[in-house]
Amino acid sequence: MKLLVCISKAPDTTSRIAFTDGDKRFDESGVQFIVNPYDEWYALVRAIELVEAQGGSVTTITVGDATCDPIIRKALAIGASDAVRIDANPTDSSQVARLISNYANDKSYDIIFAGKETINHNSSAVPAMIAECMDLPYVALATSIDVDGDLSTLNCESTGGTNNVSVKGSFVLSATKGMAEQRIPNMRGIMSARTKPLTVVEASGVTATTEVSKFTLPPAKGDCVMVDADNAAELVRLLREEAKII
Amino acid sequence: MSVLVYIQTQEGKATKAGLEVASFAKNMNVGDVTALVPGTLSGDGGLGSVGVSKVLHFSEGVTDNSQLSKLTQAAAQSVDASTIVFSGNNDGNSIAPRVAIAMNVGYVSGVTCLPEGKTFTRNVFSGKATAAVNVMSDVCVISITPNSYGIKSDAGEASVETFSADIGAQRVVLNGFTPTSNDGSVPLPEAERVVSAGRGLKGPENWGIVEDLARALGATTACSRPVGDMGWRPHHEHVGQTGLTIRPDLYIACGISGAIQHLAGVNQSKVIVVINTDPEAPFFKAADYGIVGDVFEVLPKLTEAIKEL
Ligand SMILES: Cc1cc2nc3c(=O)[nH]c(=O)nc-3n(C[C@H](O)[C@H](O)[C@H](O)COP(=O)(O)OP(=O)(O)OC[C@H]3O[C@@H](n4cnc5c(N)ncnc54)[C@H](O)[C@@H]3O)c2cc1C
Ligand SMILES: Nc1ncnc2c1ncn2[C@@H]1O[C@H](COP(=O)(O)O)[C@@H](O)[C@H]1O
């Protein structure tokens, strides 16, 4: 089984969010970066489990500059076989998807894994876009996958329930909660990650179709109105008369 | 110029998300609104009443997003659409990006308010910031965050035409569907009211008081991540940075500390109520109304007070 897992760099979930360059760019100074949780906990770990059980290889792919290397090494420490980094600073999801597709097109991966969304862009767009670029089927929000030869069977979240679907041959999936349990890399994994191949490839000229003109932080929240624990009726009154919400 | 909206129906009527998307499209004020409806449709599906002028009905039931993408492209071409609008729910999010790539145009997901020209506002960093995004192509594809715009009625009736297109072969086969909420409550991403509980509830056997409050309010239940991880509640109820992002009108947090990763999924709620024994719980800083108290005492009282309305 030849699997490709899309891994992106995300700010640690407790990071302070700030912007620079006239609020056009995320301020990375002092920010700790992690593997995007959906990519690590769900997509990567499940891909590794499949290869452990059935043989094959797990390659990770990342579109980004050298500041992504530490999180790529982390993915290798968790158990990926090798890694590819496409050296670019993408500004939108279509650019990421086209670069990944251009790379993956002639490499016949059986399944391309991605996360449900990045916790910084929250687009939920890249995997569907890769599928379209490569004319592959796409299964969104997978919570489980079993592979039997060239037939894959998956459960995935759909509006108001769970779909059970099957696909023959190659396809793209986005992984979400339920797919796998988080794995902490062990010492051997961390040591071996240092020598696993990380190939850097040049980005071919792919231009973005959208651009962020300005980031804005939300306005500060007003004070919380405290209500006495014995006075539930007062809370109900406030919700009705002041907040006009019930 | 015209706008195409992709609409899902339930028993022939546009879903709540569908009506919201149509309202949004109408109020963009950039041209007539045409709705593409795959699947069952009765009458105009209620779409005329939110400003849709024409419905293109594709009667076959299709579930494969690559086929639905081809269908949308054909419909967009037939009405020469300059904007194509989806609901940012699971289905919309799997079709819309494909359409944008196939048409080689810009895509903006998770739009939360009406655009200014071709500049759209969306949430980023899990709700900790917003971004204004310019689309550089002539045509744009967008998806709207559910429950961010609302349904605005608009007098009128839509004409209905049968639509057909070559949508290619089905490659993802749907074997079955298992509904998650059999209690008839609104799915979490679309819910206007949510009652959510965390580790403060002590164990899954105590969820009755949460469900009672939710029932009295007509709300949907949610939970914090540890509660989902421990199996006290199903995974699909988990909200936060690594779970669902929701923006209900009312979010009541019971026995949840308000960790930054939890807040990321709920801080766009219009009104937040926090019930927690610890006055120092960080959640109070993000709340509009708070009660320092024990959920086991407060929740039943609150449920009673609501029933008395
Ligand atoms: C990368 C990452 C991603 C994460 N993603 C998420 C996410 O998506 N969603 C999420 O929720 N968490 C997430 N977390 C976990 C998060 O950091 C918190 O650990 C979690 O939200 C805490 O859940 P809790 O509030 O239910 O439990 P606790 O933090 O244990 O809080 C329980 C609260 O209940 C109160 N309490 C106790 N007894 C009572 C009582 N009788 N009545 C009233 N109040 C009572 C306590 O005072 C306390 O404030 C993530 C963490 C990481 C590291
Ligand atoms: N720069 C990137 N490099 C590699 N994979 C990415 C990148 N950006 C996004 N992805 C993948 O696409 C998924 C969805 O991202 P997004 O569309 O940005 O929400 C992520 O969970 C990753 O698996």
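Two strands are said to pair if DSSP finds at least two bridges between them; helices (H or I, at least four residues) and strands (E, at least two) are DSSP runs, numbered from the N terminus. The legends describe a predicted model, in which local features need pLDDT of at least 70 and side-chain atom pairs count only at pLDDT 80 or more, while totals for chains, interfaces and linings use all residues. Residues are numbered from 1 along each chain as its sequence is written, chains are lettered from A and ligands numbered from 1 in the order in which they are written, and side-chain values use heavy atoms, with hydrogens and water left out.

**View 1. A sheet built from strands of chains A and B.** Six strands form an open sheet with parallel pairing, in the order β15(A)-β17(B)-β16(B)-β15(B)-β13(B)-β14(B). The edges are β15 (225-226) of chain A and β14 (220-223) of chain B; each has a single partner strand, so one side of each is left without a neighbour in the sheet. Two parallel bridges join β15(A) to β17 (residues 289-292) of chain B, and M226(A) stands opposite G290(B) in β17(B).

**View 2. A helix of chain A on the sheet.** Helix α6 (residues 232-242) of chain A packs on the sheet, touching (heavy atoms within 4.5 Å) β15 of chain A as well as β15 (250-254), β16 (271-276) and β17 of chain B. The direction of this helix makes about 180 degrees with that of β17(B); axes are lines fitted to C-alpha atoms, for helices over the stretch in contact, and angles run from 0 to 180 degrees between N-to-C directions.

**View 3. Ligand 1 between chains A and B.** Ligand 1 lies between the two chains and is surrounded by 28 residues (a heavy atom within 4 Å), the closest being S224(B), T242(B), S257(B), Q261(B) and H262(B). Among its polar contacts (pairs of N or O atoms within 3.5 Å), an oxygen atom of the ligand lies 2.7 Å from a polar side-chain atom of H262(B). A nitrogen atom of ligand 1 is 2.9 Å from a side-chain N or O atom of D294(B).

**View 4. Ligand 2 and its surroundings in chain A.** Around ligand 2 stand 20 residues, of which C6(A), D39(A), T118(A), S124(A) and A125(A) are the closest. An oxygen atom of this ligand is 2.5 Å from an N or O atom in the side chain of D39(A), and a nitrogen atom lies 2.9 Å from a backbone N or O atom of V63(A). The largest share of the shell, three residues, comes from β6(A).

Definitions and conventions
Polar contact = N/O pair within 3.5 Å; in protein donor to acceptor, adjacent residues only side chain to side chain.
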